[in-house]
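Visitor: I am new to this structure. Please take me through one part of it, slowly and closely: the salt bridges.

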Amino acid sequence: GVTGFGLTEPDVDSDSGSWKTRGVRDGDTCRLSGTKVYSTNADKAQLFTVMARTGDEKGARGVSAFLVPRDLPGITIGEPEKKMGQKGAKVADVHFDDVPVPAANR
């Protein structure tokens, strides 16, 4: 299957210390909320690797990677961006609205 990658955020790019996307533990799940822009393969991906803040530590110490299946409730995929010279892998915004990601996927 095709996978996607979510790292960059609006207004803060790839600065992990400024990310707004959060993963908050809730029992056997982590609730993922935020927006990633220019997410690779977003239009086709069945599984996303998403970077999100899980702690208040500065920099990378407060960041975790999540494996997020596309079919979970609360995921919205935007329209693919039209990028000059990049035809093979489309990119789009991906919005996460309180998505219940299994804690084992962190």
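How many salt bridges does the count come to?

Guide: The model is a predicted one. The count comes to four salt bridges. Side chains of opposite charge can pair when their charged atoms come close.

Start with Glu9. Glu9 forms a salt bridge with Lys36. Their closest N and O atoms are 3.0 Å apart. Glu9 sits in the loop between strand E1 (3-6) and strand E2 (22-26), and Lys36 belongs to strand E3 (residues 29-40), so the pair ties together parts 27 residues apart in sequence. Now look at burial. Glu9 has a relative accessible area of 2%, so Glu9 is buried. Lys36 is buried too, with a relative accessible area of 0%.

Next comes Arg22. Its salt-bridge partner is Asp56, with the closest N and O atoms 3.8 Å apart. This pair also links distant parts of the chain, 34 residues apart. Arg22 is in strand E2, while Asp56 is in the loop between strand E4 (47-53) and strand E5 (63-69). Arg22 is partly exposed, at a relative accessible area of 29%. Asp56 is exposed, at 71%.

Then turn to Arg31. Arg31 forms a salt bridge with Asp26. Here the closest N and O atoms are 3.4 Å apart. Arg31 has a relative accessible area of 27%, so Arg31 is partly exposed. Asp26 is partly exposed as well, at 41%. The picture widens with Asp98: Asp26, Arg31 and Asp98 are linked in a network of salt bridges.

Note on methods: Residues are numbered from 1 along each chain as its sequence is written. This is a predicted model: local features need pLDDT of at least 70, side-chain atom pairs count only at pLDDT 80 or more; totals for chains, interfaces and linings use all residues. Side-chain values use heavy atoms; hydrogens and water are left out. A salt bridge is a side-chain nitrogen of Lys or Arg within 4 Å of a carboxyl oxygen of Asp or Glu. Helices (H or I, at least four residues) and strands (E, at least two) are DSSP runs, numbered from the N terminus. Buried means under 20% relative accessible area, exposed over 50%, partly exposed in between (1.4 Å probe, protein chains only).
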